[in-house]
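Please read them with the coordinates open.

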Amino acid sequence: MATKNMTPVKTPMPNQDPAVRAHNFKEVALGYTEEMARQEAARCLGCKNHPCVSGCPVNVRIPEFIAKVAEGDYEGAYQVITSTNALPAISGRVCPQESQCESKCVRGIKGEPVGIGRLERFVADWHRTHSSEHLTKPASNGHKVAVVGSGPSSLTCASDLAKQGYQVTIFEAFHTAGGVLVYGIPEFRLPKAIVQGEVDKLKELGVEIMTDMVIGKVLSIDELMEEMGFEAVFIGTGAGLPRFMNIPGEGLAGVCSANEYLTRINLMKAYLDEYDTPVLKSRAVAVVGGGNVAMDACRCAQRLGAEKVYIVYRRSMEEMPARNEEIEHAQEEGIDFRLLCNPVEVLGDDKGHVCGLKCIRMELGEPDASGRRRPVEVPGSEFVLDVDTVIMALGTSPNPLIRSTTPGLETNRRGCLVVGEDTVSTTREGVFAGGDAVTGAATVILAMGAGKKAAAAIDSYLNPAE
Ligand code: FAD
Ligand code: SF4
Ligand code: SF4
């Protein structure tokens with residue numbers, strides 16, 4: 001048996017220097033070398049009961065793939081991962097590992113857990129650069145399925161169905177496929193070329209991708225099923241409708257949602273110097289919120305040239321929902337975290353433009369329904385941040401368009417599609433759903449898991465066992 005590496009800390013991930021990367025959109029984390037990967041793989045104890053696997057929503061066989069990395073069999077490791085996870089280059093980069101697989105790793109008891117996400121990324125990147133694998137279109141089984149949306153739930157569902165011979169067409173509202181992976185998560189965290197590689201694989205499998213197709217406007221679900229011959233539909237339309245605070249001044253020029261801001265930067269290419277995309281160019285920015293979306297927005301604002309960028313979050317660091325790594329990276333890049341603060345008014349100048357954000361200090365009270373301690377205002381503690389832009393990153397909910405144009409499709413009071421016990425069958429026969437459209441804003445890997453489950457349910461629906 002190979003010697004174990006009992007170092008209590010993870011093999012460090014090489015990153016771009018914070019002072020340099022804060023002004024460019026190139027990927028921050030540079031990835032392990034082979035030597036680093038094998039060194040980190042040797043930290044895994046190969047536990048018989050492998051608790052890490054139960055922390056992964058798609059049950060990647062973690063010790064098995066890590067053992068292959070330790071042996072230098074990277075292609076073998078890739079085959080183990082992709083038997084349950086179709087998009088490892090993406091999940092290795094963006095999964096909140098600290099609350100999933102790595103949270104259960106026994107090495108985390110007396111030190112840092114094994115860097116499972118970093119190893120997964122290494123394996124996927126190794127495969128991408130060393131494999132010349134070309135997928136071939138499987139023989140058709142004669143059934144047509146429509147997939148609405150092209151985020152991780154849809155990409156996974158389409159891939160699983162296409163591999164079984166289904167004729168799959170993806171209908172995407174935007175002009176580029178990939179969902180939040182391309183229009184939300186910035187280039188410096190998830191390069192667009194990686195997502196494009198996954199979309200290209202789907203095309204090799206024979207999946208047709210139709211962009212600029214807003215279902216519910218250009219075509220309805222009924223038209224897809226009754227006139228275009230699709231026997232089943234998967235809805236993976238995500239949760240892209242932003243929330244606002246409803247405080248005075250939110251209508252001023254210089255206030256926008258993080259969704260709109262990030263979409264302009266990512267999809268309309270404001271991150272490239274050669275594009276003249278209209279996007280807020282700011283001197284000082286306050287981003288309101290504490291999730292991944294807030295971290296992405298504040299780091300983009302700095303990269304677009306803002307001199308001062310604040311995160312304004314009403315709870316403390318402990319409750320921040322963003323991935324630890326994104327919080328650490330934002331801090332290293334010089335973002336100013338104003339914790340236990342909540343905006344009460346956006347202040348405007350005589351031209352109707354933002355000239356400040358009035359906030360109030362908060363303290364933590366008793367736990368609320370979410371189990372987190374409820375923030376309570378400290379009377380008389382108001383103060384003003386000198387900013388010319390306010391970006392709201394307060395969460396999102398599903399867009400009501402599909403529900404309002406599809407008779408018989410039920411949603412709950414949060415606007416999420418209602419599904420049956422199998423978690424993917426909607427209230428309309430032949431219509432399945434998954435990802436954020438069902439759960440509300442969640443994670444990439446949960447969306448992928450739902451897409452996988454939906455593909456299996458669609459297969460049982462269209463090809464029931466005799
Ligand atoms: P989405 O990825 O939202 O894709 C839905 C697609 O459907 C979109 O392309 C949309 O244009 C399309 N669509 C919508 N309506 C229609 C219609 N009527 N007709 C046709 N197409 C339609 N999760 C993580 O795990 N880690 C992270 O680090 C992380 N960071 C994030 C950062 C940002 C900025 C955002 C916004 C989210 C982040 N998330 C992260 C959450 C994660 O991206 C989502 O949970 C995941 O993408 C949901 O996948 P999905 O397939 O349900 O939908
Ligand atoms: Fe961990 Fe995500 Fe990979 Fe699962 S898919 S092993 S949770 S990084
Ligand atoms: Fe390896 Fe940690 Fe999983 Fe044990 S719990 S098999 S050490 S990754």
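1. Helices here are DSSP runs of H or I with at least four residues, numbered from the N terminus. On that numbering, α14 gives the lining of the second largest pocket its largest share, six residues. Keep in mind that this is a predicted model.

2. The second largest pocket. Its volume is about 570 Å³. The lining of this pocket counts 26 residues. Those nearest the centre are Lys10, Arg118, Arg323, Glu325 and Glu328. Helices α6 (88–94), α7 (116–130) and α14 (324–332) each bring at least two residues to the lining.

3. Which classes make up the lining of the second largest pocket? There are 14 charged residues, six polar and six nonpolar.

4. The buried face of α14. Glu326, Ile327, His329 and Ala330 are buried in α14. Viewed down the axis of α14, these buried residues fall within an arc of 165°, so they line one face of the helix. An α-helix has 3.6 residues a turn, so residues three or four places apart point the same way. The buried residues of α14 pack against α1 (18–21), α13 (292–303) and β9 (336–339).

5. After α14. Please look at the backbone at Gly334. This glycine comes just after α14 and has a positive phi of about 100°.

6. The buried face of α2. In α2 (residues 34–41), the buried residues include Ala37, Glu40 and Ala41. Why do the buried residues of α2 line one face of the helix? Seen down the axis of α2, they fall within an arc of 100°, so they line one face. Their cover includes α4 (62–71) and α7. Helix α7 also supplies at least two residues of the second largest pocket's lining.

7. Asp160. This residue is found in helix α8 (residues 152–163). Is Asp160 buried or exposed? The cut-off for buried is under 20% relative accessible area. Asp160 has 16% relative accessibility, so it counts as buried. Leaving out residues up to four places away in sequence, Asp160 touches Lys452 and Ala455.

Methods. Residues numbered from 1 in each chain as written. Chains lettered and ligands numbered in written order. Predicted model: local features only at pLDDT ≥ 70, side-chain atom pairs only at ≥ 80, totals over all residues. Heavy atoms only, no water. 1 Å grid on protein atoms, 1.4 Å probe; cavity = no way out; pocket = protein on both sides within 12 Å on 5 of 7 lines; lining within 4 Å. Points joined across faces, edges and corners; volume = space filled by probe spheres on them. Nonpolar A, V, L, I, M, F, W, Y, C, P; charged D, E, K, R; others polar. Buried < 20%, exposed > 50% of the residue type's maximum accessible area, 1.4 Å probe, protein only. Contact = heavy atoms within 4.5 Å. Arc of directions from axis to C-beta.
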